[in-house]
Amino acid sequence: YFDARRISAYVRKLKPDLVHAHGTEDAYALAAQATGLPCVLTVQGCYFIINRELPPRLFSRGRVIQGTEWLALRRAKHVVAKSSYVNNELKKEFPHLCLHEIPNTFDPRLLGISIHGPRRMGHLAFVGTIVERKGVHILRQALEIIRSEYSESFLKIHLHIFGDRPDALAGSYEGREKQALGDLLGKRLILHQTIQGTQLAQELSTIPVLVAPSLEEMFGNQVIEAIMVGTWPIVTEQTAMAENVKVASFGCCVAQKDPKQLARTVLSKVFEPLVPSEATKARTTILARMGPEVVAQGHLKVYQEVEGNRQVAFLR
């Protein structure tokens with residue numbers, strides 16, 4: 001409440017024609033609406049979806065955010081959805097919204113990274129925070145299956161994790177999973193923590209496979225980055241990541257919470273050389289669908305629609 005008042009008061013002093021709030025997780029959506037100015041709201045991580053898949057405690061941050069998210073979306077009109085998955089869920093839950101589907105773009109510097117460099121066969125990448133929603137335990141179970149059933153191949157597998165926290169508590173989900181993965185892989189588990197975006201993309205460009213076994217995901221920036229540098233993404237169905245893989249015709253989808261299928265899919269790709277023509281075609285497809293200029297034009301169109309409606313209302 002106090003953040004929304006403070007931010008909205010500052011924004012009003014700037015005298016903008018329109019306010020665009022990105023996300024409902026903190027006070028930004030409520031602050032943008034509190035300005036009383038024409039407003040666009042971008043929605044990517046929807047807690048009414050996340051909490052449905054992974055119910056939080058009754059008194060928890062997740063429950064509070066779902067409440068403030070409901071307030072913001074109930075008051076909103078123009079909403080940018082980052083995927084068809086989010087668009088459809090919002091349409092069902094908040095039918096009054098005027099929805100605009102515009103994907104996230106990517107850092108154009110990714111286009112300067114070659115997809116033809118050498119790959120470290122047998123290496124896997126996981127990018128993201130180590131939380132239950134990201135399905136790290138499913139990946140660990142898949143690796144345990146590979147060790148049990150394909151021991152020779154298992155000894156050649158290395159796992160790179162980008163985004164872990166070095167100060168994670170031993171008893172937390174992250175602490176337990178990192179310990180289990182360390183026991184499983186030994187020195188073949190490489191923890192990179194959080195690194196700069198282009199450095200991450202450079203690392204990905206040397207790794208043949210990205211694994212994203214999320215239980216819930218509403219866009220998946222890491223999947224787009226992987227496709228842009230020719231890293232084959234393995235993602236879960238019933239997430240927005242699957243949309244992007246299917247659009248690019250690069251990568252594959254596995255069933256939710258199915259470590260056996262994930263294990264088989266990892267083995268089928270982690271030692272397989274890249275087909276450069278497939279990677280080049282996928283990069284071209286992503287550029288045409290969500291390149292910076294394409295996404296900017298999509299936003300401009302929304303702003304013009306909102307501003308046009310305002311002028312009509314004023315004239316009336």
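This is a predicted model: local features need pLDDT of at least 70, side-chain atom pairs count only at pLDDT 80 or more; totals for chains, interfaces and linings use all residues.
Residues are numbered from 1 along each chain as its sequence is written, and side-chain values use heavy atoms, with hydrogens and water left out. Local features need pLDDT of at least 70 and side-chain atom pairs count only at pLDDT 80 or more, while totals for chains, interfaces and linings use all residues.

Six strands form an open sheet with parallel pairing, in the order 7-6-5-8-9-10. Helices (H or I, at least four residues) and strands (E, at least two) are DSSP runs numbered from the N terminus, and two strands pair if DSSP finds at least two bridges between them. Strand 7 (189-193) and strand 10 (252-254) stand at the edges with a single partner strand each, so one side of each has no neighbour in the sheet. On average, neighbouring strands are turned by 25° against each other, direction ignored.

Within this sheet, strand 5 (residues 123-127) runs parallel to strand 6 (residues 158-162), and five bridges join them. Ala125 has His160 of strand 6 as its bridge partner. Helix 11 (residues 240-248) packs on the sheet, where it touches strand 8 (209-212), strand 9 (232-236) and strand 10; contact means heavy atoms within 4.5 Å.

Elsewhere, the axes of helix 10 (residues 221-228) and helix 13 (residues 276-290) come within 8 Å and cross at roughly 130°. Axes are lines fitted to C-alpha atoms, for helices over the stretch in contact, and angles run from 0 to 180 degrees between N-to-C directions. Helix 10 is therefore oblique to helix 13, a term for angles that are not under 35 degrees (roughly parallel), over 145 (roughly antiparallel) or 65 to 115 (roughly perpendicular). Ile224, Ile227 and Met228 of helix 10 meet Ala282, Arg283, Ile286 and Met290 of helix 13 in this contact.
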